[in-house]
Amino acid sequence: MSTPVFSLPSLAKINWSLQILGRRTDGYHEIRTILQTISLRDHLHFSAREDRRVSLSCNDTEIPLDDSNLIIRAANALRERFDVPGGATIHLEKVIPTKGGLGGASSNAAVSLLGLARICDLRLSLDELMELGARLGADVPFFFVGGCALATGTGTEIKALADGEQKRLIIITPNATVSTTRAYEALKAPALTTSSEASILSISRAQVDLELSRLCAPHNDFEDVIFTSEPEIRRAREALLDVGAGISLLAGSGSSVFGIFESKEEQERAVKEMQAEIGWRVFPAVTVSRNEYLHALGPGGNPLVSL
């Protein structure tokens, strides 16, 4: 066993763009999206146990603490893969809104794998972490990369991109609920085959580099579906534009939206105006580059330095 007590940050993400290319033969959807880590974060506190139990607690009573939580599933996946001795006590200090499309659960799972590997003194490679993460959820592998990245396939194939200048954001999570499964169903995405039954999957991936500049244009295929089913989310997006956001967009496939502001002063003024809305959770944030992300993880990010 290594260091008995330590904490790691678990950052949120937004999608600069999100395209749904179609429905795969395995029932999942092929996507192409640009992901970005942001400063909004949870914290995970780890301590080692002598027995093999993994105990999870959380400051938010609505967070499940059983096998439905990705933190517990991450611990189980690590144990099955490497037969690790001992266990851990994990406390989740929750800040990122759940079901907001901000990747909180996926980030928690990725950081849990890093923390548990550190407790058990496992020297995992980046490839091993990415493999484990892909088994847990579509967004999990991204949190082994951080910064700005392109995600393709079901979202588990990650390509690191150059980080741009830091941007000031306001994240709003209104009092609305979005089911990602129902949102995908409502899109009615076509099957990923042409009329000649040849898969267009390889064609789509081969065009990634050529279309990257177009992909970076702010767009989210879920907006029409989610704004129609939950008008309050549309109103939150429009409110951000009204208070000066240069761009406002659905953050992912959940209920959160974000706006980009030119200066700290404009951001602070807009936060004050948004906080007057009853039932809206409002978070000022900034984009976090890959180097900043790895620095925030500290020793826990050591397996990721090979990027």
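K99 is exposed, with a relative accessible area of 65%; exposed means over 50% relative accessible area, buried under 20% and partly exposed in between (1.4 Å probe, protein chains only). K99 sits in the loop between β4 (87-93) and α2. Although K99 is not a glycine, its phi is positive, at about 55°. Helices (H or I, at least four residues) and strands (E, at least two) are DSSP runs, numbered from the N terminus.

D121 also has a positive phi of about 55° and is not a glycine. The loop between α2 and α3 (126-136) holds D121, which is partly exposed at a relative accessible area of 43%.

## Model and confidence

This is a predicted model, in which local features need pLDDT of at least 70 and side-chain atom pairs count only at pLDDT 80 or more, while totals for chains, interfaces and linings use all residues. Residues are numbered from 1 along each chain as its sequence is written, and side-chain values use heavy atoms, with hydrogens and water left out.

The average pLDDT (the predictor's confidence in each residue, from 0 to 100) is 87 for the protein, and 84% of the residues score at least 70. Residues 192-212 have a pLDDT below 50; beyond near neighbours in sequence, this stretch has 25 contacts in the model, a contact being heavy atoms within 4.5 Å.

## Nonpolar cores

A nonpolar core is a set of buried Ala, Val, Leu, Ile, Met, Phe, Trp, Tyr and Cys residues joined through side-chain atoms within 4.5 Å. The largest one has 46 residues, and I90, L113, L136 and F144 have the most contacts inside it. Helix α2 (residues 104-119) supplies the largest share of this core, eight residues. Another core, of 24 residues, lies apart from it and includes L240, A245, V257 and V282.

## Helix α9

Helix α9 spans residues 264-274, and its residues Q267, A270, V271 and M274 are buried. These four lie on the same side of α9, because they cover an arc of only 105° around the axis; the arc is that of the directions from the helix axis to the C-beta atoms. The face turned away from the buried side carries the exposed residues E265 and K272.

The packing partners of the buried residues of α9 are β7 (168-173), α8 (231-242), β10 (257-261) and β11 (281-286).

## Aromatic pairs

Rings of Phe, Tyr and Trp (its six-membered ring) pair if their centres lie within 6.5 Å; planes under 30 degrees apart count as stacked, over 60 as edge-to-face and the rest as tilted. By this rule there are three aromatic pairs. One of them joins W16 and F258: the ring centres are 5.7 Å apart and the planes stand at 75°, so the pair is edge-to-face. W16 in strand β1 (residues 5-23) and F258 in strand β10 are 242 residues apart, and their pair links distant parts of the chain. W16 is buried at a relative accessible area of 13%, and F258 is buried at 1%.

The pair of F142 and F143 is edge-to-face as well, with centres 5.1 Å apart and planes at 65°. F142 counts as buried at 0% relative accessibility, and F143 counts as buried at 0%.

## A buried glutamate

E30 belongs to strand β2 (residues 29-49). This residue, E30, is buried, with a relative accessible area of 1%. A polar atom of the E30 side chain lies 3.5 Å from the backbone nitrogen of G153.

Technical notes. Polar contact = N/O pair within 3.5 Å; in protein donor to acceptor, adjacent residues only side chain to side chain.
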